[in-house]
Amino acid sequence: MLMKCDICNCEFDHTNAGECDCGYECGGASVKCPECGFDVDVPEELREEVMNSRKEKSVFTKTERLLKKYNL
């Protein structure tokens with residue numbers, strides 16, 4: 001699904017966007033426009049997908065996988 005930046009009107013796919021670092025506890029419900037870096041809210045129908053993707057990439061999830069792998 002294409003998203004559109006409110007600032008620069010760039011249309012982009014959410015998979016090509018950067019992760020939000022707004023610091024306002026959006027809960028990961030925003031992505032960064034690849035053109036200008038503005039935080040754009042993810043549409044409701046994509047939020048679960050974006051949140052799951054971020055969870056899979058988190059250091060905690062990666063550490064948990066390693067601990068399970070080596071039975072620690």
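Colleague: Is Cys8 buried, exposed or partly exposed?

Modeller: Cys8 is partly exposed, at a relative accessible area of 30%. Keep in mind that this is a predicted model.

Colleague: Where is Cys8 in the fold?

Modeller: Cys8 is in the loop between strand 1 and strand 2.

Colleague: What does Cys8 contact, leaving out neighbours within four places in sequence?

Modeller: Cys33, Glu35 and Cys36. Take Glu35: Cys8 is 27 residues from Glu35 along the chain, and their C-alpha atoms are 7.6 Å apart.

Colleague: Switching to the inside. Which residues make up the largest nonpolar core?

Modeller: There are 11 residues. They are Met3, Cys5, Cys10, Phe12, Ala17, Val31, Cys33, Val40, Val42, Leu46 and Val50.

Colleague: Pick Val31. What is in contact with Val31, neighbours within four places aside?

Modeller: Met3, Phe12, Ala17, Gly18, Cys20, Phe38, Asp39, Val40, Val42 and Arg54.

Colleague: And Ser30, buried or exposed?

Modeller: Buried, with a relative accessible area of 4%. Ser30 is in strand 4.

Colleague: Which side chain makes a polar contact with the side chain of Ser30?

Modeller: That of Asp41, at 3.0 Å. Skipping residues up to four places away, Ser30 touches Cys20, Asp39, Val40, Asp41, Val42 and Arg54.

Colleague: Arg54 again. Which side chain does Arg54 meet in a salt bridge?

Modeller: Glu19, with N to O at 4.0 Å.

Colleague: Is Arg54 buried or exposed?

Modeller: Buried, at 17% relative accessibility.

Colleague: How far is Cys22 from Arg54 in space?

Modeller: 15 Å, C-alpha to C-alpha. Along the sequence they are 32 residues apart. Cys22 is in the loop between strand 3 and strand 4, the latter being 30-32. Its relative accessible area is 23%, which makes Cys22 partly exposed.

Colleague: Back to salt bridges. How many does the count come to?

Modeller: The count comes to 5 salt bridges.

Colleague: Which residue forms a salt bridge with Arg47?

Modeller: Glu44, with the closest N and O atoms 3.5 Å apart. Both residues lie in helix 1, 3 residues apart, or about one turn of the helix.

Colleague: What about Glu64, which residue does it bridge to?

Modeller: Lys68, with 4.0 Å between the closest N and O atoms. Glu64 and Lys68 are 4 residues apart in helix 2, so about one helical turn separates them. Glu64 is partly exposed at 42%, while Lys68 counts as exposed at 58%.

Colleague: Staying on the surface, which residues form the nonpolar patch there?

Modeller: Leu66, Leu67, Tyr70 and Leu72. Together they have about 460 Å² of accessible area.

Colleague: Where is Leu66 found?

Modeller: In helix 2, residues 59-69. Leu66 is partly exposed, at a relative accessible area of 48%.

Colleague: Last one, His14. Buried or exposed?

Modeller: Buried, at 11% relative accessibility. His14 sits in the loop between strand 2, residues 11-13, and strand 3.

Colleague: And what is in contact with His14, setting aside neighbours within four places?

Modeller: Met1, Met3, Leu46, Glu49 and Val50. Met3, Leu46 and Val50 are also among the residues of the largest nonpolar core.

Terms used
Residues numbered from 1 in each chain as written. Predicted model: local features only at pLDDT ≥ 70, side-chain atom pairs only at ≥ 80, totals over all residues. Heavy atoms only, no water. Patch = residues over 30% accessible without salt bridge, like charges linked within 9 Å, V, L, I, M, F, W, Y side chains within 5 Å. Areas by Shrake-Rupley, 256 points an atom, 1.4 Å probe, with all protein chains shown as cover. Helix = DSSP H or I, 4+ residues; strand = E, 2+ residues; numbered from the N terminus. Buried < 20%, exposed > 50% of the residue type's maximum accessible area, 1.4 Å probe, protein only. Core = buried A, V, L, I, M, F, W, Y, C linked by side-chain atoms within 4.5 Å. Contact = heavy atoms within 4.5 Å. Polar contact = N/O pair within 3.5 Å; in protein donor to acceptor, adjacent residues only side chain to side chain.
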